[in-house]
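Biologist: I would like to learn how to read a few features of a model. Please take them one at a time.

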Amino acid sequence: MAIFNFRAAGEITFGVGAIQQAGAIVKKWGGKRVLLVVDPGFAKAGPLKRIKDVLEQEKLSYVVFDAVEPEPRVEVADQSGQLAKKERCDFVLGVGGGSAMDTAKAAAILATNEGRARDYQGLNKVPRPGLPKGMVPTTAGTGSEVTFTAVFINADEKKKAGINSPYLYPEISILDPELTLGLPPAVTAFTGMDALTHAIESYTSKAASPLSAMFSQEAIGLIGKSLRQAVHQGSDLNARSNMLLGSLLAGIGLANAGVTAAHSLAYPLGGVYRVPHGVANALLLPAVMEFNVFSCPEKFAQIAAWMGENVQGLSMPEAAVLAVESVQRLAKDLEVPQRLSDLGIPQPAIPGMAEEAMKVARPLENNPRPVSLEDAIGIYERVF
Ligand SMILES: [Fe+2]
């Protein structure tokens with residue numbers, strides 16, 4: 001067995017009502033003056049008041065940064081870091097979807113380092129640890145609450161890239177399924193498909209370990225069982241709980257095993273066309289599974305069973321193909337976009353996007369089947 005290494009967030013608190021403990025947990029980790037990083041939509045909604053209340057109960061002061069945008073630009077990260085410095089914050093709490101949590105992670109390291117966000121895009125480029133930080137996800141999707149990555153668009157260079165550093169691992173993660181009850185069906189669908197992509201890609205990644213695989217497996221089961229219900233019956237707290245737990249476990253799988261080709265191919269859609277990350281992954285996951293299926297059919301056969309498919313009596317290759325069909329059917333039932341053309345992406349853009357995708361090298365290296373430029377073009381053509 002190969003040597004493996006495993007990490008997750010410092011402290012994870014999960015459960016209905018868990019948000020009530022946020023103030024006490026922040027205090028325990030040394031926070032006195034908190035930079036609260038939130039989505040603008042969330043800033044106007046009721047749950048922000050709850051979070052302010054729990055901080056006030058512990059006599060913590062806070063400053064709100066609510067200029068987070070979907071698929072945030074590096075400039076937004078810089079602004080959040082400047083505010084943390086100016087206000088002498090000693091803790092950062094990110095509340096929201098992946099964009100808010102990624103911005104919060106960036107604020108924490110930009111508060112203690114001299115450079116700008118664009119200087120740190122890449123792997124291990126952050127010189128010093130940041131402020132301690134906590135994440136409160138309000139979508140069941142990105143897993144950003146347990147990963148060491150924060151992704152930003154650099155419009156000058158027309159690219160979307162992650163700041164990847166061990167200093168980005170959140171010290172605390174607080175997950176309360178009640179906070180996800182109000183998510184609209186479409187957002188539930190595409191963030192949920194992002195989580196499923198993390199689970200399946202981390203399981204089939206060449207960098208998977210026995211420990212990461214446990215998390216990926218459990219995540220596939222929870223998401224496979226509950227995503228339809230969470231989308232079509234959003235008030236079902238049990239389905240919401242399963243999805244939030246599933247996305248957490250998928251995030252732990254992803255942080256330790258990486259993702260594969262769907263994520264590489266998804267990046268150019270976000271960087272150039274501002275397609276939300278989950279939409280891009282939902283569209284690409286079935287096609288990448290189809291491309292990969294016979295590189296590790298035993299893994300895909302297991303995925304089919306964990307997704308709830310009946311694999312009794314099937315040969316291993318038949319069960320493996322059923323995993324692809326299962327995810328295709330799920331994407332269709334959730335009514336997520338199935339075609340690049342539905343997203344307004346012109347066919348002549350495909351070769352350029354494929355070249356950009358090839359530069360997102362790490363997930364491609366993890367892919368169970370080698371991916372050439374021609375393969376990348378072929379996958380985009382299949383989903384055009
Ligand atoms: Fe993702």
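Biologist: What follows helix 11?

Modeller: Helices (H or I, at least four residues) and strands (E, at least two) are DSSP runs, numbered from the N terminus. Helix 11 is followed by Gly 308, whose phi is positive, near 95°. This is a predicted model, where local features need pLDDT of at least 70, side-chain atom pairs count only at pLDDT 80 or more, and totals for chains, interfaces and linings use all residues. Residues are numbered from 1 along each chain as its sequence is written, and side-chain values use heavy atoms, with hydrogens and water left out.

Biologist: Which residues of helix 11 are buried?

Modeller: Buried means under 20% relative accessible area, exposed over 50%, and partly exposed in between (1.4 Å probe, protein chains only). In helix 11 (residues 297-306), the buried ones are Pro 297, Phe 300, Ala 301, Ile 303 and Ala 304. Seen down the helix axis, they fall within an arc of 155°, so they line one face of helix 11. That arc is taken from the directions from the helix axis to the C-beta atoms. Their cover includes helix 6, helix 7 (210-232), helix 10 (277-292) and helix 12 (316-333).

Biologist: Which residues coordinate the iron ion?

Modeller: Donors are N, O and S atoms within 2.8 Å of the metal (3.2 Å for Na, K and Ca); water is not among the atoms, so sites may look incomplete. Here Asp 194 (OD), His 198 (NE2), His 263 (NE2) and His 277 (NE2) coordinate the iron ion at 2.1 to 2.3 Å. Along the chain, the spacing of these donors is D-x3-H-x64-H-x13-H. Asp 194 and His 198 are about one helical turn apart, because they are 4 residues apart in helix 6 (residues 185-204). Asp 194 is buried, because its relative accessibility is 2%.

Biologist: Why is the arrangement around the iron ion irregular?

Modeller: Four donors count as tetrahedral if all angles lie between 85 and 135 degrees; four count as square planar and six as octahedral if opposite donors are over 155 degrees apart and all others between 65 and 115; anything else is irregular. The 4 donor atoms around the iron ion subtend angles of 83 to 167°, so the arrangement is irregular.

Biologist: What does Ser 212 touch?

Modeller: Contact means heavy atoms within 4.5 Å. Ser 212 lies in helix 7 and is buried, at 0% relative accessibility. Not counting residues up to four places away in sequence, Ser 212 touches Phe 6, Gly 253, Asn 256 and Ala 257.
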